[in-house]
There are 4 protein chains.
Amino acid sequence: MSPRPVNKDEKRAEILDAAIRVFARAGFHPTKIEDVAREAGVAKGTIYLYFTSRDDILAAAFERFADEALRGVRALVESAEPALDRLHALVRAMVAGATAEPELARIVFDFWAVRGPGAATVDFARIYAEHRRLIALLLDRAVAEGALPADVPEQTPAVLVGLVEGVLLQWLVDPARVAPGPAADAATDLLLAGLTAR
Amino acid sequence: MSPRPVNKDEKRAEILDAAIRVFARAGFHPTKIEDVAREAGVAKGTIYLYFTSRDDILAAAFERFADEALRGVRALVESAEPALDRLHALVRAMVAGATAEPELARIVFDFWAVRGPGAATVDFARIYAEHRRLIALLLDRAVAEGALPADVPEQTPAVLVGLVEGVLLQWLVDPARVAPGPAADAATDLLLAGLTAR
Amino acid sequence: MSPRPVNKDEKRAEILDAAIRVFARAGFHPTKIEDVAREAGVAKGTIYLYFTSRDDILAAAFERFADEALRGVRALVESAEPALDRLHALVRAMVAGATAEPELARIVFDFWAVRGPGAATVDFARIYAEHRRLIALLLDRAVAEGALPADVPEQTPAVLVGLVEGVLLQWLVDPARVAPGPAADAATDLLLAGLTAR
Amino acid sequence: MSPRPVNKDEKRAEILDAAIRVFARAGFHPTKIEDVAREAGVAKGTIYLYFTSRDDILAAAFERFADEALRGVRALVESAEPALDRLHALVRAMVAGATAEPELARIVFDFWAVRGPGAATVDFARIYAEHRRLIALLLDRAVAEGALPADVPEQTPAVLVGLVEGVLLQWLVDPARVAPGPAADAATDLLLAGLTAR
DNA sequence: AATGAATGAGGGTTCATTCAT
DNA sequence: GATGAATGAACCCTCATTCAT
């Protein structure tokens, strides 16, 4: 009799966003349900109408986080540009995604640190694998387009992903001394040059 | 009354090692002081004779961890080999150090995730900076030795460190699908080839 | 708007019956308002249109329970049979009432356990007193009818009530080993034989 | 190195006694761990050094309660008196045990009312069965001693136990109007008279 | 120095009750 | 009237830290 305009999914998303904001600001572990509730502008108990437990929030936050990260990357990969351009764009997008919101980027640390029995399941493997898959795809296209020699080592996707992640890591930890954009660009150039040079 | 000539520092180190073992096994956050005490074979109260707080243990664990990591690397850098060989050796050592004890390597996640007021100070910046400094040194030597052209981009050390860290990250998260040793080797080769090729 | 001509009292009764069903199945203390609402097919808030509080439901349940128990017994007592027959019938009815719905019988445990400030008022004394009064009446009639000697001890009604209750208790707690019907019958026979024998 | 005179079992028993006192006074369900702690003169956390959960306390309380109840009864049964005297003594002891501490006797209500998943296991069946066993023993002895005819109905022990329990129940619920001692005595006399009379 | 029993603040979770729709 | 989302007080339990022995 009262349809109530509050869409359950919308509300859940609102709370989740609030949670991600607090996690970004203060980290997951020190964050209390109370903090999330305050940020979301609801009462503590309300949280439990949308999530089954504190860990459930983390798991959901990770999902949302990962999905958003992959969505952007996938779009790039499907564009019509030459494969190597797309590769560069992809690397730049990864860096840009992280540097646009450093606090948000820091969350991954908390995701990584989640352990212990009953802890939220945080499937990093899936994301990295997907990243590698997309990069492998582009490398194949680049070879097909004649932009790269045929014998690209199979480790290359892992190397590229690792390179970007590793540079971002250093930047997060020491923003004053590491410029992730130039570093990642330089690294990609070097790698591709190396691939071509052999 | 105490048969072993354990002085204060030794005992502290023993407890610290025990703590690191537990952290490696179960992660820092889920680990209770009680767990550390049990692993160290002492009573809970004893821990507080050697550390001021739970966070203090983590900070100390990080220090020990970082010092050991740097010690090995420094030794390599000071050897008499050609600079490029030392560079390769350094990369291999970093990977080997992590892959020898995956559980131990996972601890860095916990270090990263430490945040919040009053939390232990974990100075990653220092370690990464030192790593970069050593690599820059080797690159300079390689240039001096004529093994590399003169215009090595300044981002290169960050790229090399990032590369190793990033590959290790993927391996930790998905050991079945990423072989960090070959990947890091391949990557270094590519990078150096790229540097030479331009 | 509401097709069924349910007036306030009927609806209240419906909810009450639902509540009693849930209490019987799961016990009063573990039962949430939500459970009652679900069983009654209404929303949680609706419960509060008919009851002022959770305890209020229990009190009402007890009233309904007690009234039903007494109604049956009173009917028996007012029949035209010889007093001793009515006494036997009464005992049998008490046992039958409980054994017909063991789960329902268990509710009395919850009624008994209700305590604490603000708790529902559950007036067991009234029911037992009424039971004793009815039995005393029958004993008097039996004496008048010459079926029993005149000097029936005044404790006899309490003894008869207690006997049935006590046997039922053992049956509830250990249904496999206590047969309440035969036991109560045997007991009544013995008691009456005892009364006559002196 | 510090033997500490606090015996773990003793302390547990102390807390348990405190808990039983509070349960007796206020009932199990409304009693908070905090209340037990206050009564025991310890802090909340201390309770959990001796009991695993709130329910665990109830289970332990029941055990202690039951054991004490049975201990007294067993001693009586093993005395050298004529069996019928022992039977009377037993009934009187049951009543006396309850009437000496009405508040304590009320606890059984709470025990009965314990239900729900994960709830403490309260094995009433065991106690009643043991009571019946002891009474059956005495009845057999009485027959052997020639004090009772041979054909004592098998329900008799259940009847005797029920009788006492049922009378106590009425007294607990309405102490002003039921005198459990006389009632139980009278009832036993009547029953035994009935047994002999047939 | 070592112990480990004791503490009690803290936080996750539940659920009776309210109230805007 | 009916609803059910929202509330927040309450409570169980954990565990870092203390301290008497």
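Modeller: In this predicted model, chain B and chain A bury about 3800 Å² between them, with 68% of that area on carbon and sulfur atoms (buried area is the accessible area, 1.4 Å probe, that two parts lose on being put together, summed over both). The contact brings 48 residues of chain B together with 48 residues of chain A (contact means heavy atoms within 4.5 Å). On the chain B side, Arg115(B), Gln170(B) and Leu190(B) lose the most area to chain A, together 20% of what that side buries.

Now for the symmetry of this pair. Chain B superposes on chain A by a rotation of 179 degrees with 0.0 Å of shift along the axis, at an RMSD of 0.1 Å (least squares on C-alpha atoms of residues with pLDDT of at least 70 in both copies). The two copies are thus related as by a two-fold rotation axis. Because 100% of the interface residues of chain B are also interface residues in chain A, the copies meet through the same surface.

The other pair can be read alongside. Chain D and chain C bury about 3800 Å² between them, 68% of it given by carbon and sulfur atoms, and the contact takes 48 residues from chain D and 49 residues from chain C. In chain D, Arg115(D), Gln170(D) and Leu190(D) lose the most area to chain C, together 21% of what that side buries.

One residue worth a visit here is Arg132(C), which sits in helix H7 of chain C (helices are DSSP runs of H or I with at least four residues, numbered from the N terminus). Arg132(C) is buried, with a relative accessible area of 10% (buried means under 20%, 1.4 Å probe, protein chains only). Leaving aside neighbours within four places in sequence, Arg132(C) touches Pro157(C), Ala158(C) and Val161(C) in its own chain and Gln170(D), Asp174(D), Arg177(D) and Val178(D) across in chain D.

Just after H7(A), Gly146(A) takes a positive phi of about 80 degrees.

Back in chain C, helix H4 (residues 54-77) has 24 residues and reaches 35 Å from its first C-alpha to its last, close to the 34 Å expected. Its buried residues include Ile57(C), Phe62(C), Leu70(C), Val73(C) and Val77(C). The buried residues of H4(C) pack against helices H1, H2, H3, H5, H6 and H7 of chain C.

Finally, the domains of chain A. The assignment, automatic or from a database, gives domain 1 (1-51) and domain 2 (64-197), with C-alpha centres 30 Å apart. The contact takes 10 residues from domain 1 of chain A and 7 residues from domain 2 of chain A. Between them these domains bury about 690 Å², of which carbon and sulfur atoms give 66%. Ile20(A), Ala24(A) and Phe28(A) supply 53% of the area that domain 1 of chain A buries against domain 2 of chain A, more than any other three residues.

For your notes, residues are numbered from 1 along each chain as written, and chains are lettered from A and ligands numbered from 1 in written order. Local features need pLDDT of at least 70 and side-chain atom pairs 80 or more, while totals for chains, interfaces and linings use all residues, and side-chain values use heavy atoms, without hydrogens or water.

Conventions:
Helix = DSSP H or I, 4+ residues; strand = E, 2+ residues; numbered from the N terminus. Expected span 1.5 Å × (residues − 1). Buried < 20%, exposed > 50% of the residue type's maximum accessible area, 1.4 Å probe, protein only.
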